[in-house]
Amino acid sequence: MRLFIAIKLPALLRDNLCRQLDILKKEINAGLKWVKKDHYHITLRFLGEVKGDKIFDIKKAIDIVAQGTAIAPLLFKGSGAFPYPDNPKIFYLGVDKGEDYLKIIHYKLEDELVKIGFKREDRSYTPHITLARSRRNTDMKRLSRDIKELMNKEFFVGEMVLEKISLIKSELKSDGPVYQDIYSVSL
């Protein structure tokens with residue numbers, strides 16, 4: 001099964017994000033597939049395809065990290081694009097307050113996951129909430145220009161308190177992924 005470890009956003013924050021995105025969608029909609037409201041989250045670690053017998057060890061790794069982690073506020077502000085604005089495959093909302101905190105959690109998870117056989121990720125970790133992905137056959141020059149304009153605008157969604165880490169199953173369907181919580185642990 002396809003799994004990832006994440007921080008889910010509370011309903012109030014998702015609602016506020018949707019209101020702001022409705023305004024942005026009027027300015028930029030061509031070439032983007034927007035993430036569904038219920039799917040907004042901060043990925044701490046994408047695991048990929050995992051055999052069922054590994055789930056117990058993954059839960060244990062999450063427990064170890066959660067036990068040594070205090071609750072903390074997160075503030076979301078600003079936007080960006082991966083891999084970079086000239087080639088925007090992913091349009092995202094940034095983490096302003098709490099970014100270093102999330103990086104520490106990510107690297108602690110990495111250490112625990114390596115102990116149970118997962119490979120360490122090669123790329124650096126940037127905490128974010130994916131808002132949209134570029135569609136195939138998109139005019140990337142136009143999309144890049146539009147995203148750069150959006151990145152220059154003030155974009156503040158709100159804040160939340162990080163209280164829980166979740167293990168989520170992602171099943172890919174023709175109309176988009178279906179997420180199912182497998183496990184959650186409070187900090």
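Q: Which residues of α2 are called buried, and by what criterion?
A: In this predicted model, the buried residues of helix α2 are I55, I58, A61, I62, V65 and A66. Buried means under 20% relative accessible area, exposed over 50%, and partly exposed in between, with a 1.4 Å probe and protein chains only.

Q: How do you know where these buried residues lie around the axis of α2?
A: Viewed down the axis, the buried residues of α2 fall within an arc of 135 degrees, taken from the directions from the helix axis to the C-beta atoms; they therefore line one face of the helix. The face turned away from the buried side carries the exposed residues F56 and Q67.

Q: What do the buried residues of α2 pack against?
A: They pack against β1 (2-8), β3 (41-49), α3 (99-115), β8 (164-173) and β9 (176-186), where contact means heavy atoms within 4.5 Å. Helices (H or I, at least four residues) and strands (E, at least two) are DSSP runs, numbered from the N terminus.

Q: What makes the span of α2 agree with expectation?
A: The expected span is 1.5 Å times one less than the number of residues. For the 13 residues of α2 (residues 55-67) this gives 18 Å, and the end C-alpha atoms are 18 Å apart, so the two agree.

Q: Why is D22 called partly exposed?
A: D22, found in helix α1, has 46% relative accessibility and therefore counts as partly exposed.

Q: On what basis are these values given?
A: Residues are numbered from 1 along each chain as its sequence is written, and side-chain values use heavy atoms, leaving out hydrogens and water. Local features need pLDDT of at least 70 and side-chain atom pairs count only at pLDDT 80 or more, whereas totals for chains, interfaces and linings use all residues.
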